[in-house]
Each structure stands twice: as C-alpha cells, then as structure tokens.
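Colleague: Could you take me through this model? I'd like to begin with the contacts and then move on to other things.

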Amino acid sequence: MYAIVKVGGKQYRVEKGDSLVVDRMREDEGAKVALEPLLFADGSDKTVFERNDLAKVKVEAVVTGHERGKKIHVLKFKPKRGYKRRSGHRSDLTRLEIKDIKLLSRKPAAKKAEEAGDGS
C-alpha cells in the first residue's frame, strides 16, 4: 500500500514507515502532520485518484527533526577578465516519518462554516 502525496509543491511516493526529507516546514519537532494525497494504491488493483475518493484517504506523518542539506558550491568565472565569484547554499529541510496511510470507509464530516453575526 502506497500513496503519492504533495508537500511544498513537490510530489513524493510514500509507504507506511518511510522516512522522507522535504523542504522546511513550520511545525515543531514531534508534531503530527496530515499530508495531501494525490493518489492512493493498495496491494490489489484498487487505485484511488478521484477528488471525492481522495477525501477518504488519510496520510499521517510525524516531524522527526529539522536538518540542513548538503552544501552546494556555485562558481562564476569569466576567462581572461579576472572575474571570479564563489558562493554557496544549504537548504533547510524537515525529516518526516510516515506513521499511517488509511482509506476511511466513509467521507469525513464537512466542517460547518461559522456564520459571522452582523446583526441583520
């Protein structure tokens, strides 16, 4: 059983128990995060990718830590002109651990919109 989830504008294939490194998230270490599923497939030939059916899929992850990525060196160089520029970059990353992927038997209840009391 696996799912394709969208995190930070990128898509990842995840299974239960996987460890995933994504772009930095605001959540604290140990926080539970619900990931947005784009596709769900179980062991049989059943694949879910329609919007109504995906509302029933729940992908839960836990933030296990925040990291920094490997340093990327950038060098700009123009020959015969004495022009050299050197810089680097390290991405801020978050490590997620996939705790559970499940397909609910029914659609979750819709959240009731709170009406603003404008006095009319």
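Colleague: What share of the contacts with a separation of 6 or more comes from residues 24 or more positions apart?

Modeller: Such residues account for 67% of the contacts in the chain with a separation of 6 or more, where a contact means heavy atoms within 4.5 Å. This is a predicted model, in which local features need pLDDT of at least 70 and side-chain atom pairs count only at pLDDT 80 or more, while totals for chains, interfaces and linings use all residues. Residues are numbered from 1 along each chain as its sequence is written, and side-chain values use heavy atoms, with hydrogens and water left out.

Colleague: And in what order do the elements run?

Modeller: From the N terminus the order is β-β-β-β-β-α-β-β-β-β, which makes one helix and nine strands, taken as DSSP runs (H or I of at least four residues for helices, E of at least two for strands) and numbered from the N terminus.

Colleague: Switching topic, how much of the chain is buried?

Modeller: Of its 120 residues, 22% count as buried, that is, under 20% relative accessible area with a 1.4 Å probe and protein chains only.

Terms used: Buried < 20%, exposed > 50% of the residue type's maximum accessible area, 1.4 Å probe, protein only.
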